[in-house]
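Colleague: I am new to this one. Please show me how to read its features, step by step.

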Amino acid sequence: SNPFEVKVNRQKFNILGRKTKNDVGLPGVSRSKAIRKRTQTLLKEYKEREKTNVFKDKRFGEYDTKISPEEKMIRRFTLERQQNYGKKNIYNLNEDEELTHYGQSLAEIEKLNDIVDSDSDTEERGTLSAELTAAHFGGGGGLLRKKTSSGQQDEEEEKPKSRKGLIEEMIAKSKQEKQERQTLRESALELTEKLDNDWKEIQTLIAHKTPKAERKDKELEKPKPDEYDMIVRELGFEMKAKPSERMKTEEELAKEEQARLQKLEADRLRRMRGIEEEANKKKPSHISADDLADGFILDKDDRHLLSYKDGKLNIENEGEEEEEEEDGGKEDDENEEEGEEESSNEGEEESANEDEEDVAADSHSDLESDLESEEEAAGNKEQNKHKTNKSESQNVEELDPEMEAARSELPYTFTVPESYETFKSLLDGRTVEQQLIILERIQKCNHPSLAVGNKAKLEKLFGFLLEYIGELATLDLPELRRIDKLVLPLYSLCQMFPEAASDSVKFILRDAAHDMEEVIEVKGHATFPGLDTLIYLKITSLLFPTSDFWHPVVTPAFIYMSQLLTKCRITTLQDVIKGLFVCCLFLEYVSLSRRFVPELINFLLGVLHISLPKKQAQGYTVVHPFTPVGKNLELLLVCDKKDLESWQKQNLPLSIVTRLKETSQTEMNHIRLSCLALCYDLIKKCAALYESLPSFHEIMHPIRILLRQHVPVNEYPEKMQEWYGSALKELENKVKHYTPLICEKKKPVPLKQYTPKIVKVLEFGRIQGGSKKEQEGKQLIRKHRRELKGAIREIRKDNQFLARMQLSEIMERDAARKRKVKELLGSLATQEGEWKAMKRKKGKN
């Protein structure tokens, strides 16, 4: 054998104990061996499937004496026909079976004469007379002779007719046949008409009309339609639902809004200049001499009444009217010049476009160009200058109220300011509603989808607005209501550009944190920031999600607030108010995430501590920035009974921080009590928020001790006592959700050890579980599946082998049949040649 043809089946891994088959072998050896085995067994059975080695007499009724011989012959004949009738193989079309067509054998049919349809309209189509075929297909010789068909044995030759005579005779016969057919058709039509008339006469006798009285009775007897039927009919006549319009995209809405604002701005500029709507319309274009004036519409009555003065025709009225029209046009021009000086850049562009259109319309007018000369035009220009100067002076003195209203009205289109100074000048001196309208129009006119650079401009606008809010907060009287309204456009800009908004807010918080760190490094302690920083922290919770585990803006704000509660010293009442505001912000931040904030609990404990009188014995510890000893320990302590009795709970606005120095002592005491009431409220909210924590009781234990043992409840007013009681009740009524961990004194008793469960591993790498019977059952199932697959594979191969053998038999029969047909055709061709040669010899003889 050729060593290059040897096939080596290499294994990927060498496994101990595994038996391998056919490691080395020749290509195709196993397949040829299988084919040889099938030819010796399966093919032999297939060929001998209808053969027997025993002779049996299977003739019907051979040994039956009860059946007559005629019946035997009839039954045998029918059985023989039945055996020959059924095909042995449905896919074999080459069996020796006689095929017929209309009772005639296809083998015996030599010629198939197709019926040729003629061009006549008769029912007897396709029949050709002998003369016609002889005339057209006779070959020419038959036209000159006429054969007579007679029973006489002596054939007498008559005179041959000419071709013309034969054709005329043939035409006459065809006309005669056509006439006969026409008469038959006409007679058939006459018969049908007669039958129709007779049927109509009979039908009138059969028909029976009901009288009118009976008809009315039947109509009255008809049942009225039900309510359900009427409702169904009404629903059928109702209008069908129409499809709604397509939802517009954000870009389409922005374009429509921009176009609307531009149109409103153009109307405002027109009203500000005092231009009427009719004058604002475009002048008609040039009309040529060939124009038929199909679209001409008479706007006004230009007819003049004839009048005579001193026996002469009065023409002065016409001249006066023309002068008035000229003066009106000049006044319009003067108003337009004023509007150009006072309007914005957009108004200048629009007026310039209008002037260009007017100039273009005047340049196309042929009549004016023919009548006026260049000298007259120069004179008119000088006169116009003098008149415009006069009209300007008059308009300054007397202004139209509509123009004043248009000037005082807000513009509808704005450009994004490039600097903070321009932005501030745009908003200063406006009401809150006007500022909101301006910001809204800036966003709509400069939407990012309308131009490429609008996105960067609006991102700058967010920073300008944030800076403007901080400046409003640093005023002597901070405008908190205005800030509250301006948060709405700030939120919309943040939704449009979240990355730029987060960067700007992070920048402000980073600067505030750096400033606090610098102050701590220099002084060792820090103070609470201004009102603007606190407002920025509040805005952060409104613009960004506070429930995330980590957020690029909220997380730094969270850390900064915790540093404020731990590093800023409490020296004044302002610091207490600011700290309580930060505590409120903390609760707002963690309301959804329920994150624990220890700085919040410690600050509330310190606020309660500075509201108590000095005592030596304490059951709690105070954490920085509060100290157990110092001069600022009684910031919230109120000893005046009159102030305690006159106090009523009130909200603490942030603006109160800036005007604490101007308040009286009574108002200061009332503010202290309001801070204490707010602290109780925050303790109650913290207890409701953190009740699910395992260490809730340990966290709130210092506040509980302070409320129970050290708070002088009896000195407080009734409303304060209610707040105190609700806060203490909220802390004590919480159920413990866990048992504290305690070290056991005795060692735990170990569990009893049982004998290990040993499982025999039958095959490496497979999970074997269960008892021995279960394992044997699973192994038998696997072997059965493997054998079943092998059996199915062998059956398929056997079927393929038999199909190949049957196909080879069919091919051999087809080849033999073709060979026989070829031999028969060859023998027929030789016979035909011999016959033609014999005929040719006879003709020569």
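Colleague: Which ring does the charged end of R49 sit over?

Modeller: First, the ground rules. This is a predicted model, where local features need pLDDT of at least 70, side-chain atom pairs count only at pLDDT 80 or more, and totals for chains, interfaces and linings use all residues. Residues are numbered from 1 along each chain as its sequence is written, and side-chain values use heavy atoms, with hydrogens and water left out. Now the general idea: a charge sits over a ring if NZ of Lys or CZ of Arg is within 6 Å of the ring centre and within 35 degrees of the ring normal. Here, the charged end of R49 sits over the ring of Y46, 4.2 Å from its centre. The charged end of R595 sits over the ring of F558, at 5.4 Å from the ring centre.

Colleague: How many aromatic pairs does a search of the whole structure find?

Modeller: A pair of aromatic rings is described by the distance of the centres and the angle of the planes. Rings of Phe, Tyr and Trp (its six-membered ring) pair if their centres lie within 6.5 Å; planes under 30 degrees apart count as stacked, over 60 as edge-to-face and the rest as tilted. The search finds nine pairs. One of them joins Y420 and F464: tilted, 6.5 Å centre to centre, with 55° between the planes. Y420 lies in helix α14 (residues 420–427) and F464 in helix α16 (residues 454–473), so this pair ties together parts 44 residues apart in sequence. Helices (H or I, at least four residues) and strands (E, at least two) are DSSP runs, numbered from the N terminus.

Colleague: Is Y420 buried or exposed?

Modeller: Buried means under 20% relative accessible area, exposed over 50%, partly exposed in between (1.4 Å probe, protein chains only). Y420 has 12% relative accessibility, so Y420 counts as buried. F464, at 13%, counts as buried too.

Colleague: What kind of aromatic pair do Y680 and Y724 form?

Modeller: Y680 and Y724 form an edge-to-face pair, 6.0 Å centre to centre, with 70° between the planes. Y680 lies in helix α24 (residues 665–689) and Y724 in helix α27 (residues 718–732), so the pair ties together parts 44 residues apart in sequence. Both residues are buried.

Colleague: Which residues are buried in helix α26?

Modeller: In α26 (residues 701–709), they are I703, R704, I705, L706 and L707. These buried residues pack against α22 (598–609), α24, α25 (696–699) and α27.

Colleague: How many helices and strands are in the protein chain?

Modeller: The chain has 28 helices and six strands. Buried residues make up 24% of its 845 residues.

Conventions
Contact means heavy atoms within 4.5 Å.
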